[in-house]
Amino acid sequence: MRVYLFGFASDDFVGRVIVTPDERTIVQLAGQLVAWGLAPEQDGSLTVRNEAGDILDPAATIAQAGLGNGDIFKVERR
């Protein structure tokens, strides 16, 4: 099923709406968000947190991580 999510990257000031299948992994979701950011070529590890601040398993699917329509996630790049 497709879900729409609100994503924010720690190195960007613009939030983005992402519509994507919920079987994609959290690491794929993070990669998609930073690819649209100000510095997509920047290297570094990515940590994804849900709205409550919990770190999400990069190997989990969006559905397994408990993200659903309208949820907010944040990608921290280090």
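Mentor: Let's go through the sheet, the patch on it and the charged pairs around it.

First, some ground rules: this is a predicted model, where local features need pLDDT of at least 70, side-chain atom pairs count only at pLDDT 80 or more, and totals for chains, interfaces and linings use all residues. Residues are numbered from 1 along each chain as its sequence is written, and side-chain values use heavy atoms, with hydrogens and water left out.

Now the sheet itself. Four strands form an open sheet in the order β2-β1-β4-β3, and the pairing is mixed. The edge places go to β2 and β3 (46-50), which have a single partner strand each, so one side of each is left without a neighbour in the sheet. Ignoring direction, neighbouring strands here are turned by 35 degrees against each other on average; the axes behind that are lines fitted to C-alpha atoms (for helices over the stretch in contact), with angles running from 0 to 180 degrees between N-to-C directions. Strands, by the way, are DSSP runs (E, at least two residues), and helices are runs of H or I with at least four, numbered from the N terminus. Two strands pair if DSSP finds at least two bridges between them. In general, strands of a sheet pair through backbone hydrogen bonds, either parallel or antiparallel.

Let's follow β1 to its partners. With β2 it runs antiparallel, joined by six bridges, and Val3 has Thr20 in β2 as its bridge partner. A hairpin of six residues connects β1 to β2. With β4 (residues 72-77), β1 pairs in the parallel sense over four bridges, and there Phe6 stands opposite Ile72.

Next, what sits on these strands? Tyr4, Phe6, Phe8, Val17 and Val19 make a nonpolar surface patch of about 440 Å². Patches are built from residues with over 30% relative accessible area and no salt bridge, joining like charges within 9 Å and nonpolar side chains (Val, Leu, Ile, Met, Phe, Trp, Tyr) within 5 Å. The areas come from the Shrake-Rupley method with a 1.4 Å probe, and for residues only the protein chains shown count as cover. Both β1 (2-9) and β2 (16-21) supply at least two residues each, but β1 gives the most, with three.

Here's the scale for accessibility: buried is under 20% relative accessible area, exposed is over 50%, and partly exposed is in between (1.4 Å probe, protein chains only). On that scale Phe8, which is found in β1, is partly exposed at 37%. Tyr4 is partly exposed too, at 38%, and Phe6 is partly exposed at 31%.

Some of those rings may pair up. Rings of Phe, Tyr and Trp (its six-membered ring) pair if their centres lie within 6.5 Å, and planes under 30 degrees apart are stacked, over 60 edge-to-face, and the rest tilted. That rule gives one aromatic pair. It is Tyr4 with Phe6: the ring centres are 6.0 Å apart and the planes stand at 90 degrees, so the pair is edge-to-face.

Finally, the charges. A salt bridge is a side-chain nitrogen of Lys or Arg within 4 Å of a carboxyl oxygen of Asp or Glu, and searching the whole structure turns up three. One of them joins Arg77 and Asp11 at 3.0 Å, N to O. This pair links distant parts of the chain, 66 residues apart: Arg77 in β4 and Asp11 in the loop between β1 and β2. Arg77 is buried at 11%, whereas Asp11 is partly exposed at 30%.

Another salt bridge is between Arg49 and Glu76, whose closest N and O atoms are 2.9 Å apart. Arg49 is in β3 and Glu76 in β4, so this pair ties together parts that are 27 residues apart in sequence. Arg49 is partly exposed at 24%, while Glu76 is buried at 12%. Glu76 also forms a salt bridge with Arg78, with the closest N and O atoms 3.1 Å apart, and Arg78 is exposed at 64%.
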